[in-house]
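Dear colleague,

I am passing on the structure below, and after it you will find notes on what turned up when I went through it.

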Amino acid sequence: MMIHWFKQLRSAFGVAFLWLVCLIYFTQGFRSFVWTAVSYQLKDRLQLSPSASQFVFSVAFFPWSIKPLYGIISDCIPIGGKKRTPYLVISTVLSLVPWLLLGLDSTSRSSSLYLMIFLTVQNLGSAMADVVIDAMIAEAVRIEKSSFAGDLQSVSWFAMAVGGICGSLLGGYALNNLNIETIFLLFTVLPALQLLSCPLVEEIPSNEPLPELLDSNEFEEKSKMSNDTYPHTKKSNTRRRKGQKKGKKGASSGKSETHKKQSKSLASKLFQSLKAAALELCRAFKQPIILRPMAWFFIAHITVPNLSTVMFYYQTEVLQLDASFLGTARVVGWLGLMLGTFIYNRYLTNMTLRKSLLFAHIGLSITILLDMTLVSRANVGYGVSDKTMVLFGSALGDAINQLKFMPFLILSGRLCPPGIEGTLFALFMSINNLGNTVGSFMGAGLASLLGISSGSFENMSMGLAIQVFCTYIPVLFLFLIPKEATGVSAS
């Protein structure tokens, strides 16, 4: 059955395309292999405080918050007549080079500033590759067989999950047996393989220098007006050439002026196309039916300080949990994520999104209470080991976060108007990522304010108590979510 399904996908999209999709998403998931090493580099080698480490992570992951920018640029500015593969090559190089430099140059990985810059560049490449491959999937589905849209998405999610599980398992093992610089170099194998695979996929060059982005009436009119000027320009150039047959100098001057005007015309078209795409995106986003739900998801992130890095320090320094076990905990987290997806799709799609989001935040507060139990050492009194608490908390936390993320995906898919689905969906994801980044900054600030640092966790329970309180703030804003919206029917 599975083999027959894969053969159908292969015949529809080709082996090279499926290989590239699976490789990119596997690499995205496998990033846990190297980012675990980054956490230990910041903690053990650079000896940064929990708040400083969290600040570095927050800055480094900012490129994921501006994903629509990459989509607009690749849509509006083709390279060599192609909109996807050149940008995929560029993004892969940006993903590859930083890890190569960090592995080979001890100075770059021994400075928190240099390390933060390289990590930011690497995330820029990963985020751009994510946008480009999503666009390629959308185009392949539209051009080939739309009936395979869900199957192709399933393949990509499965590849990322497998990558995440493998990266988490191998990352812990590698940290116990290899140097951190060796781990950085080992990870470069995947982006290098991705770079070699890019030419295998043939992209049909665009006949037009710019894509057809002007779908709205406002920009359609501008496009018509712009197109009407070109025949006019051609006639003018023809007259100029006819009038300049008297000498070679005049002909050369005419060609130069024509070339300059064509360059200006192309630059003008590029600018107008970028402007049109940005304006149309802003106009769609400002509609209340879109703005209000996205505002809630943003509020839900920025009002809850993220203390994950602080907990990492506590688990490694106080609980003495090693890298292999923490890698296993991440695997359990991935399994919890998949379980959360199954539970939502199987049992919660008929529930209103307001109610499911309310339950998700109640569940998140419970996971924080589990962390408070761990920090207070109350679990030891009941005979529950620290490792059991961490494993259970990881599975439960990731499952509940997925229960919260599923309504976000559902609303995002429904709210995207025709014509700009890909770019607007990238904007929605960027809002989610930006909210996570701001929440991480908030967590770093809270840890610094409470004086939580390496070897000093006296105020850890207070920080977690504040986090529990903040978890219920977004509940007050649930009126922003459409009242009757569920997982199966629009409001």
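To begin with a pair of side chains, Phe30 and Phe33 are both buried, where buried means under 20% relative accessible area, exposed over 50% and partly exposed in between, with a 1.4 Å probe and protein chains only. Please keep in mind that this is a predicted model, in which local features need pLDDT of at least 70 and side-chain atom pairs count only at pLDDT 80 or more, while totals for chains, interfaces and linings use all residues. Residues are numbered from 1 along each chain as its sequence is written, and side-chain values use heavy atoms, with hydrogens and water left out.

Trp35 and Trp99 form an edge-to-face aromatic pair, 5.9 Å centre to centre with 85 degrees between the planes; rings of Phe, Tyr and Trp (its six-membered ring) pair if their centres lie within 6.5 Å, and planes under 30 degrees apart count as stacked, over 60 as edge-to-face and the rest as tilted. Because Trp35 lies in helix 3 (residues 32–45) and Trp99 in helix 6 (residues 85–104), this pair ties together parts that are 64 residues apart in sequence. Trp35 and Trp99 are both buried, and ring pairs link them into a cluster that includes Phe26, Phe57 and Phe184.

As for the whole protein chain, it has 21 helices and zero strands, helices (H or I, at least four residues) and strands (E, at least two) being DSSP runs numbered from the N terminus. Of its 491 residues, 48% are buried.
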